[in-house]
Amino acid sequence: MLKLNSWIRGEMMSTENAMVQVPERNYGIDLLRIVSMFFVAVLHVFNYGGILYRVCLPYPHFYIVWFVEICAYCAVNCYALISGYVGIKSKFKYANILNFYLTAIFYTLTITGIFYVFVPGTVGKIDFIKALFPFGFGHYWYFTAYFCMFFFIPVFNHIINTMNRNSARALIVSLIGILSILPTIFNNDIFHTKDGYSAVWLGALYLIGAYISKYDVGENIGKFALLGLYLLAVFITWSVKMAMTVLAADGYPTADYANVFVEYTSPTILVTGVCLLLLFSKLQPGSIQKKFIGFFSPLAFSVYLIHEEPLIRENILRDSFVWTLYEGPWFLLAVVIVSAFLIWFGCSLLDIPRHYLFKLLHIKQLCIKIEEFFKRIFSKTQSGF
């Protein structure tokens, strides 16, 4: 276990960032990766499990479910913010997006193969082609969006590193105003960010995270103040959701505004993500906690790749938690929290053999060699331009 822990710690910069290891490791940020992936599991239990869109007024379940949903809703934003926060200080390598891609298709092909053998009739030959090109068939929306955004990271880093602080600040304020505030005011996806499910929004978050990292934004804000601001943003989002839903139930035309703040691009959800980024960046875990974080952080993104795989999602998770709606609200919440933890923990353990296999096959080194090969080809062709 110590050898495994040591090796995984050496692999600290996990595939979701598609970057090399940063010079100084921030264990608080690594912990945020773990917490964010747990939040993702909570969101998926609520959503795919059939709870979120079946829970309704006047049952108390409605208020509790949506409060916890909104607490966890910033998970995806956190991941993209972390990419920028860490990426601005890391050396960019194309090899890592290849490693990222190989990790994704390892799971899509493996899971497809398992269903093909043990659940006949659920998959066909075309499904293996889809598994080989997950970005082309919508297997993982975040993977697809990040895959696209990744190739613009050198441009993003150049922008933040070459702009003076005032110009960079103006850029960040403009991005927030255009992609977050205006769509919320008009309750309309004006600039087609798919309400945050897109490379455009992930790119904006990358730039925000990079700006925060480069200029130590929030350095003088205390941890309790950040936690309080996070909870305030959650409460505002939840209150608007509850108010609009209750009014709609009473016959008022407010149903279209119930989710106005419950979007990835919402200003309040953006605030919750930024607050958690700043809060966790200030944490200084002890030696025991560092061992835990160092072991599980590099495994976090594979939790997403495993349980979000379409065959797992549709055949195992889909509507599996509807029964909890007939139990007490606190029992429902306990089931969701425990189930999300088991998804996170179980998938993390399942990823350990994949780590060993990739190490045995020298996948990381292979990706680096492929990058170097194409760089040599490109350098030769450059002379012809």
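Helices, of at least four residues, and strands, of at least two, are DSSP runs numbered from the N terminus. The exercises below use this on a predicted model.

**Exercise 1.** State how many helices and strands the protein chain has, and decide how its radius of gyration compares with the globule rule.

Solution. 
- Step 1: The secondary structure amounts to 17 helices and 0 strands.
- Step 2: The radius of gyration of the protein chain is 21 Å, close to the 21 Å from the globule rule for 385 residues, so the chain is as compact as a globular protein of that length.
- Step 3: Along the principal axes, the C-alpha trace spans about 70 × 60 × 45 Å.

**Exercise 2.** Describe the burial, contacts and surface of the protein chain.

Solution. 
- Step 1: Buried residues make up 51% of the 385 in the protein chain.
- Step 2: Take the contacts between residues at least 6 apart in sequence; 81% of them join residues at least 24 apart.

**Exercise 3.** Classify the ring pair F62 and Y63, then the pair W323 and F331.

Solution. 
- Step 1: The whole structure holds 46 aromatic pairs.
- Step 2: In one of them, F62 and Y63, the ring centres are 6.0 Å apart and the planes stand at 90°. Planes over 60 degrees apart count as edge-to-face, so F62 and Y63 form an edge-to-face pair.
- Step 3: F62 is buried at 5% relative accessible area, while Y63 is partly exposed at 31%.
- Step 4: The rings of W323 and F331 have centres 6.1 Å apart and planes at 65°, so this pair is edge-to-face.
- Step 5: W323 is partly exposed, with a relative accessible area of 42%; F331 is partly exposed, with 42% as well.

**Exercise 4.** For K214 and K241, name the ring that each lies over and give the distance to the ring centre.

Solution. 
- Step 1: K214 lies over the face of Y215, 5.7 Å from the ring centre.
- Step 2: K241 lies over the face of W66, 4.1 Å from the ring centre.

**Exercise 5.** Locate S266, decide whether S266 is buried or exposed, and list the residues that S266 touches.

Solution. 
- Step 1: S266 belongs to the loop between α11 (223-249) and α12 (267-281).
- Step 2: The relative accessible area of S266 is 1%. Buried means under 20%, so S266 is buried.
- Step 3: The side chains of S266 and T268 are joined by a polar contact of 2.8 Å.
- Step 4: Leaving out residues up to four places away in sequence, S266 touches S180, T184, V260 and F261.

Technical notes
Residues numbered from 1 in each chain as written. Predicted model: local features only at pLDDT ≥ 70, side-chain atom pairs only at ≥ 80, totals over all residues. Heavy atoms only, no water. Phe/Tyr/Trp six-rings, centres within 6.5 Å; stacked < 30°, edge-to-face > 60°. Buried < 20%, exposed > 50% of the residue type's maximum accessible area, 1.4 Å probe, protein only. Lys NZ or Arg CZ within 6 Å of the ring centre and 35° of its normal. Polar contact = N/O pair within 3.5 Å; in protein donor to acceptor, adjacent residues only side chain to side chain. Contact = heavy atoms within 4.5 Å. Rg over C-alpha atoms; globule rule 2.2 N^0.38 Å. Areas by Shrake-Rupley, 256 points an atom, 1.4 Å probe, with all protein chains shown as cover.
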